[in-house]
Amino acid sequence: MDHSGYSISKSWQNSEDNLKKDKMLTLRKKIAEALEGDFLDLREISQLFGIKEKEVLDHLMHIEKSVHHRGFSVDPASCQQCGFFFKKRARLSTPGRCPLCKSEHISPPRFKINNE
Ligand SMILES: [Zn+2]
């Protein structure tokens, strides 16, 4: 066994990375499970799991890819001012403003995984 400081700190680093990765994948699985029940938006998921909306978005993009055979539903974002639906929008993030009335009061898109 090699007890030099270098290899000890290196193996510590590796296990730390694996731990982080494990934690991330577990979280992703939990988010996916939550989405099998109800439509949720970015803010709701971020509050539910105590992570940033940006992190939720990253998880969602992976979840969307991994569940494609079962169906990932997106309830499109809509303008609170004029009711415009952002149906053609492929991105999962919330649009900044309405293309029709220029309002910035946008209801965020909501996500759900279809049950089999
Ligand atoms: Zn509008």
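These questions and answers walk through parts of a predicted model.

Reader: Which residue in β5 stands opposite Asp75?
Author: Strand β5 covers residues 110–113. β2 and β5 pair in the antiparallel sense over four bridges. Opposite Asp75 stands Arg110.

Reader: How far does helix α3 reach from its first C-alpha to its last?
Author: Helix α3 spans residues 53–66, which makes 14 residues. At 1.5 Å a residue, 20 Å is expected. The reach in the model is close to that: 20 Å.

Reader: Within what arc do the buried residues of α3 fall?
Author: The buried residues of α3 are Val56, His59, Leu60 and Ile63. An α-helix has 3.6 residues a turn, so residues three or four places apart point the same way. Seen down the axis of α3, the buried residues line one face, because they fall within an arc of 105°.

Reader: Which exposed residues does the face of α3 turned away from its buried side carry?
Author: The buried side holds Val56, His59, Leu60 and Ile63. The face turned away from that side carries Lys54 and Lys65.

Reader: Does Arg91 count as buried or exposed?
Author: Arg91 lies in the loop between β3 (78–79) and β4 (106–107). Arg91 has 11 C-beta neighbours inside 10 Å. The cut-off is 12 or fewer, so Arg91 counts as exposed.

Technical notes:
Residues numbered from 1 in each chain as written. Predicted model: local features only at pLDDT ≥ 70, side-chain atom pairs only at ≥ 80, totals over all residues. Pairing = 2+ DSSP bridges. Helix = DSSP H or I, 4+ residues; strand = E, 2+ residues; numbered from the N terminus. Expected span 1.5 Å × (residues − 1). Buried ≥ 20, exposed ≤ 12 C-beta atoms within 10 Å, placed from the backbone. Arc of directions from axis to C-beta.
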